[in-house]
Amino acid sequence: MPKIPINIATGSLQQPEIIVGIDLGTTNSLVAIIHPESKQPTALKEHNSASLVPSVVHFDAQGQATVGEAARNFLLTEPQNTIFSAKRLMGKTYADVQAQSGFFTYKIIDDQTDSLVKVQVGSRFYSPIELSSYILKELKTRAEHILKTPVTKAVITVPAYFNDAQRQATRDAGRLAGLDVLRIINEPTAASLAYGLGLNQAGEQTIAVYDLGGGTFDISILKITDGIFEVLSTNGNTYLGGDDVDRAIVNHWLNQTESQDLPENKALLQTYRLEAERAKKHLSTHSVFETALDGQHHTLTSEQLGSIVQPLLNQTLDCCRQALADAKLNVAQIDEVIMVGGSTRMPIIKTAVGQFFGKPVHDGVNPDEVVALGAAIQADILAGNNRQVLLLDVTPLSLGLETMGGLMDVLIPRNSKIPSRASRQYTTQKDGQSGMRISVYQGERDLVEHNRKLAEFNLTGIPGMPAGFPKVEVAFLINADGILQVSAKELRSGVSQSIDVQPQYGLTDAEVERLLLESLTHAEDDIATRALIEARTEGQQLLSTTEKFVGKNAALLTPQELTDTAMAMQALQLALTMTDKNLIQEKTEALNEVSRPYAERVMDQAIGQTMKGTKI
Ligand code: AMP
């Protein structure tokens, strides 16, 4: 007989726990679950309404927020109070978004610091995290209303290129909305899951996920090995999408009417844009569109649309080529191609992408819902519903520590699979040194000053020991969400310290690209600089140990040895003031030559003494 669990506190029937999948999109968001009866991933929608909730938040004069369709209606009339595309601001500083400030119709605050941007609405300030949390709260409320049960746990998707700060920001937004975010997963991974790729499958598959939405384009190349997902590369354009097609159609019509004053008339322009979008959608299933606007008759044929879309399409294919090159693959090595985003409904896009990859594309699942449906599948896996799938991503940039001379010591190289762990031992430079500063950097350059600082903390309370004696183990741990934890432990004393790295600001895609590019163009300089710094560090260390050694053991050295040592030390000191790496190495070696014989002799004597003293 089946058992029915009852909550004894409330007397109500205990429902099995539901974990929802959420696609928190730039333009639209939605929630999906695995349907309790059909066991199929299903997008949640109220009767007769769309599953999509526009990712728009409107604030009234009292600061009361409205989200979704209702908020979208204010985009034109109250642009300063109506926040769209908050996702583009997640984990960003003002400097990150400055170049695109013309895109936003609301006020983004530049507080002249490196902290995250804020949006100003009237006298109130909102962080992108808070703005996203309004959207998530709305999704949660709608889901609870439809499911008639509390929803507290979720899987949320993010673009594959989202960095640590952006993933953390998304997680925080969830928490603020009252959701326990069990996992942050990549959108292309979710889309693959929705097509059943990677579920209960042995073997290896390489997948291209082509995601063209309203305002953004992403191409991701994934590899699934025995159900384990790995992002091989990502590329795209964060300001390219269906909206550009709509604008191009408006321009096409305007060129025909020679109407000059239209762009001044915002309401009419908006009417034109909406009609252009209607034309575009109509032409996904028909060959001609006709309309009357502002007393003018306009038409658009699918051929005309084809030439309007062509430049945008070419740009996306260039991104695909780059993504393939970064993944070191050719098109023939791609096994499956998945279409995501409303704009992939355009037949010209589907055909061209299919031709590019030389195979039919997967387009059977609603491209607006596919990411949320995949998130629901992942949620179901986390709920323990017996599907064993592991999700793996890679780190976009190398992670490391600053070591002597400002050098970058990489612990986790770029493109490492996550979750990932690495550790290395370090030691002190000075006798009795009680603290050690651990500075964490992200980037590909040899000098930390050219990379991006993520965090810094001090390991304090190291008991007094001679230089080089403490063993400080620094460990980096990146969890499944791509969030880094750094810990340091002095192994002899057990003193330890750790932090979660929550970077102050995020990197733009352009910045990630710049950092990678710079590491290539500066590779030669970097190698030379690193070699010089290493030579200097070695020279300085030898000078200080020799000085200490001679100070302690002068009585055991001959006068000739003392003079030779003094001269070799002087020569090395002089070389260290110059930038000639070879000269420094030469003088270091010379000092070594002078000191090695007596150092060995003194050591032997010391060992001999200890042996003599040992009683058997
Ligand atoms: P998304 O950001 O994924 O919600 O995609 C929204 C974009 O898809 C908008 O630019 C829409 O105009 C576009 N879109 C939606 N349906 C269609 C369609 N049937 N044909 C062409 N574009 C569409």
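Predicted model: local features only at pLDDT ≥ 70, side-chain atom pairs only at ≥ 80, totals over all residues.

**Entry 1: what I am looking at**

**Entry 2: the open sheet**
I started with a sheet of 3 strands, which is open and runs in the order β6-β5-β7 with antiparallel pairing. Its edges are β6 (65-67) and β7 (82-84), each of which pairs on one side only. Then I checked how β5 (residues 56-59) meets β7: the two are antiparallel and share 3 bridges. Which residue of β7 is the bridge partner of Val-56? I found Phe-84 there, and I came across Phe-84 again among the rings, in the cluster with Phe-103, Phe-104, Tyr-106 and Tyr-239.

**Entry 3: β8, β9 and β10**
Next I followed β9 (residues 118-121) to its partners. On one hand, β9 pairs with β8 (residues 107-109) in the antiparallel sense, over 3 bridges. Ile-109 has Lys-118 as its bridge partner in that pairing. On the other hand, β9 is joined to β10 (residues 124-126) by 3 bridges, and these strands are antiparallel too. I noted Val-121 with Arg-124 as bridge partners there. The β9-β10 hairpin leaves 2 residues between its strands, and Gly-122 has a positive phi near 60° in it.

**Entry 4: rings**
How many aromatic pairs does the structure hold? I got 14. I picked out Phe-103 and Phe-104: the ring centres are 5.0 Å apart with the planes at 85°, and since over 60 degrees counts as edge-to-face, that is what I called the pair.

**Entry 5: charges over rings**
I went back to Tyr-239, a member of the aromatic cluster. Arg-88 lies over the face of Tyr-239, 4.2 Å from the ring centre. I found another case at Phe-469, where the charged end of Arg-492 sits over the ring at 3.9 Å from the centre.

**Entry 6: positive phi without glycine**
Most residues other than glycine have a negative phi, so I wanted to see exceptions. Lys-39 is one, with a positive phi of about 65°. Lys-39 is in the loop between β2 (28-34) and β3 (41-43). Is Lys-39 buried or exposed? At 52% relative accessibility it is exposed, because the cut-off is over 50%. Ser-85 also has a positive phi, of about 55°, and is in the loop between β7 and α3 (94-97). Ser-85 has a relative accessibility of 6%, so I put it down as buried.

**Entry 7: a contact further down the chain**
Last, I looked at Ala-571, which is in helix α14 (residues 559-576). Its relative accessible area is 27%, so Ala-571 goes down as partly exposed. Which distance separates the C-alpha atoms of Ala-571 and Lys-587? I have 6.5 Å, with the two residues 16 apart along the chain.

Methods: Residues numbered from 1 in each chain as written. Heavy atoms only, no water. Pairing = 2+ DSSP bridges. Helix = DSSP H or I, 4+ residues; strand = E, 2+ residues; numbered from the N terminus. Phe/Tyr/Trp six-rings, centres within 6.5 Å; stacked < 30°, edge-to-face > 60°. Lys NZ or Arg CZ within 6 Å of the ring centre and 35° of its normal. Buried < 20%, exposed > 50% of the residue type's maximum accessible area, 1.4 Å probe, protein only.
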